[in-house]
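Here's a quick tour of one model, with the chain and its fold on display just below. Have a look before reading on.

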Amino acid sequence: MAEKKTGIDQALIRDLANILKETDLTEIEVEQDAMRIRVSRAAPAAMHMPAYSVAAPAPVAVAAAAPAEAVVPAVAARDPKNTVASPMVGTSYLSPAPGARPFVEVGQTVKEGQTILIIEAMKTMNQIPAPRSGKVTEILVTDAQPVEFGEALMIIE
């Protein structure tokens with residue numbers, strides 16, 4: 001039987017911090033087996049997360065790579081309850097394959113749970129479902145655009 005690795009891979013954390021610096025992202029998260037590592041340029045002031053949480057199913061490590069930068073919300077005037085935010089850092093794709101019809105278009109009515117786009121993260125294609133039923137009034141990302149955690153993807157009213 002192989003022993004399970006319980007320590008944190010510091011080289012992986014350094015690599016993730018370098019990716020943040022090279023791509024100008026503010027946060028990146030990797031999950032593998034029972035280990036989840038999140039590297040962020042700055043931890044939110046109100047968030048005090050231990051390196052290992054007994055109640056959490058996976059250990060979490062948070063490393064600050066650089067001082068906080070000013071964050072300007074791209075969708076300040078819109079109703080936040082209608083905004084679909086990215087659940088992860090990755091690359092957004094509006095259709096299932098290059099040249100295929102997009103999952104949704106502006107003006108289209110979607111049902112809760114319907115796939116509205118894909119976000120590729122760590123070479124994994126993650127289908128993003130509509131969080132509610134409604135009409136797509138705006139698509140805020142383009143095909144193959146890098147997106148960050150929490151970034152507004154589209155508006156469903």
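## Ground rules

Strands here are DSSP runs (E, at least two residues) and helices likewise (H or I, at least four), numbered from the N terminus. This is a predicted model, where local features need pLDDT of at least 70, side-chain atom pairs count only at pLDDT 80 or more, and totals for chains, interfaces and linings use all residues. Residues are numbered from 1 along each chain as its sequence is written, and side-chain values use heavy atoms, with hydrogens and water left out.

## Two loop residues with positive phi

A144 sits in the loop between β9 (134–139) and β10 (145–147). Its phi is positive, about 70 degrees, although A144 is not a glycine. K123, in the loop between β7 and β8 (124–129), is another non-glycine with a positive phi, near 65 degrees.

As for accessibility, buried means under 20% relative accessible area, exposed over 50%, and partly exposed in between (1.4 Å probe, protein chains only). A144 is partly exposed at 44%, while K123 is exposed at 78%.

## The cores

A nonpolar core is a set of buried Ala, Val, Leu, Ile, Met, Phe, Trp, Tyr and Cys residues joined through side-chain atoms within 4.5 Å. The largest one has 15 residues, with V110, I116, L117, M154 and I156 making the most contacts inside it. Strands β7 (115–121) and β11 (152–156) each supply at least two of its residues. Another core, of 10 residues, lies apart from it and includes I28, M35, V39 and V89.

L117 belongs to β7 and is buried, at 0% relative accessibility. L117 and M154 are 37 residues apart in sequence, with their C-alphas 9.8 Å apart.
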